[in-house]
Amino acid sequence: MALPPPDPQFVLRGTSAPVHALHFSCGGPEPDIPLLFSGSENGFIHVWNLKTHRVDTALDGHGRKSVYCVETMGGKDRLLSQGRDQRICLWDLAEGRTSVTDSVFTEHVGFCRCSLLKVAQGRWLMAMAARSVEEVQILELPSKTSVCTLKPEVGAKLGMPMCLKLWQVSCGSQPVLLAGYEDGSVVLWNVSMGKALSQLTCHQEPVMSLDFDSEKAKGISGSSEKVLSIWSLNEQQNLQVYKTHELVNAGISDITIRPDKKILATAGWDHRIRIFGWKKLKPLAVLDYHTATVHCVSFSDHSSPQHRLLAAGSKDQRISVWSIYAHT
């Protein structure tokens with residue numbers, strides 16, 4: 001008999017708006033306080049203290065337009081945020097500062113989250129949806145130098161990029177981008193050559209979210225339909241469908257594989273968070289707490305496994321935080 005799913009370890013309230021983005025910063029040594037960054041529909045980024053369960057700082061840099069991506073850049077003092085004001089902001093949060101040090105105007109009207117990849121000490125690549133409908137632009141940060149623009153072939157009809165994931169096999173190897181598009185395709189791009197290596201139709205509907213495990217060369221994507229698509233990348237850099245998993249209810253807003261590659265979490269339009277084993281996609285738990293669409297899920301980067309957390313942000317203006325499968 002399966003155990004009943006647990007309750008959240010705690011719930012964070014006080015954003016006063018639906019929550020669209022979450023990012024943990026818990027990897028620092030003591031006495032660093034573990035933090036959770038959240039981005040809300042009202043344009044605020046809240047910095048949550050995970051010891052007190054309260055907001056330490058509220059950042060306002062997107063003109064009250066929805067914030068749908070937050071990422072730290074090498075520690076909790078440097079933050080990147082992206083909003084519906086078509087801006088990506090870089091923040092300096094060191095020594096209590098709350099200032100935007102730089103920003104990038106994306107000219108992208110959709111809600112495709114940018115993707116960051118650290119390529120050297122203090123140097124990052126950022127992929128973002130560009131002004132032209134089907135294009136993805138790659139910039140280097142903090143210089144904001146354009147690396148390349150990834151344009152599908154004429155007549156490809158991929159539609160808008162919906163989700164992006166930059167990665168590299170190992171430090172110093174060629175950066176690669178996985179992009180999910182409006183027509184349901186996932187495309188693998190070689191960033192340095194600026195060309196598509198492989199394309200795979202994974203869904204009948206737009207790809208809402210994807211994640212990729214570069215060690216196993218295997219990825220997963222979700223859409224507005226009732227199917228999770230699992231796909232792999234062979235040594236010739238070709239994407240292939242590995243298997244599909246039928247869901248009970250349609251609609252996945254976000255998918256994330258835990259950093260240790262043991263489990264993954266999905267954020268559902270059916271108000272539920274689902275946990276799967278990553279190896280065989282075995283369903284492990286359904287976390288039923290929220291009363292509206294779950295927009296985002298994020299695993300913590302705690303260095304010790306027993307402290308690992310999962311956070312979920314919802315349209316119901318709450319953030320649920322769970323301790324689940326922390327010892328597996």
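Buried means under 20% relative accessible area, exposed means over 50%, and partly exposed lies in between (1.4 Å probe, protein chains only).

## Basis of the model

This is a predicted model: local features need pLDDT of at least 70, side-chain atom pairs count only at pLDDT 80 or more, and totals for chains, interfaces and linings use all residues. Residues are numbered from 1 along each chain as its sequence is written, and side-chain values use heavy atoms, with hydrogens and water left out.

## Cysteines

Cys163 has 8% relative accessibility, so it counts as buried. Its sulfur is 6.6 Å from the closest cysteine sulfur, in Cys112, which is too far for a bond. A disulfide is a covalent bond between the sulfur atoms of two cysteines. Here it is called when two cysteine sulfur atoms lie within 2.5 Å.

The structure holds zero disulfides. Cys26 is in no disulfide; the nearest cysteine sulfur, that of Cys296, is 15 Å away. Cys26 is buried, at 7% relative accessibility.

Helices (H or I, at least four residues) and strands (E, at least two) are DSSP runs, numbered from the N terminus. Two strands pair if DSSP finds at least two bridges between them. Strands of a sheet pair through backbone hydrogen bonds, either parallel or antiparallel.

Four strands form an open sheet here, in the order S18-S19-S20-S21, with antiparallel pairing. Strand S18 (207-213) and S21 stand at the edges. Each has a single partner strand, so one side of each is left without a neighbour in the sheet. Neighbouring strands of this sheet are turned by 20° against each other on average, direction ignored. That angle is taken between axes, which are lines fitted to C-alpha atoms (for helices over the stretch in contact); angles run from 0 to 180 degrees between N-to-C directions.

Strand S20 (residues 227-233) and S21 run antiparallel, joined by seven bridges. Within this pairing, Ile230 has Lys243 in S21 as its bridge partner.

## Aromatic cluster

Rings of Phe, Tyr and Trp (its six-membered ring) pair if their centres lie within 6.5 Å; planes under 30 degrees apart count as stacked, over 60 as edge-to-face and the rest as tilted. The count comes to two aromatic pairs. In one, the rings of Trp167 and Phe212 have centres 4.5 Å apart and planes at 35°, so the pair is tilted. Trp167 lies in strand S14 (residues 161-167) and Phe212 in strand S18, so this pair ties together parts that are 45 residues apart in sequence. Trp167 is buried, with a relative accessible area of 8%. Phe212 is buried too, at 6%.

Phe212 also pairs with Trp231: the ring centres are 6.1 Å apart and the planes at 15°, so this pair is stacked. Phe212 is in strand S18 and Trp231 in strand S20, so the pair ties together parts that are 19 residues apart in sequence. Both residues, Phe212 and Trp231, are buried. Ring pairs thus link Trp167, Phe212 and Trp231 into a cluster.

## A lysine over a ring

The charged end of Lys218 sits over the ring of Trp278, 4.4 Å from its centre. The rule requires NZ of Lys or CZ of Arg within 6 Å of the ring centre and within 35 degrees of the ring normal.

## Ala250

Ala250 is in the loop between strand S21 (239-246) and strand S22 (252-257). At 33% relative accessibility, Ala250 is partly exposed. Its contacts (heavy atoms within 4.5 Å) are Ser224, Glu225, Lys226 and Trp269, not counting residues up to four places away in sequence.
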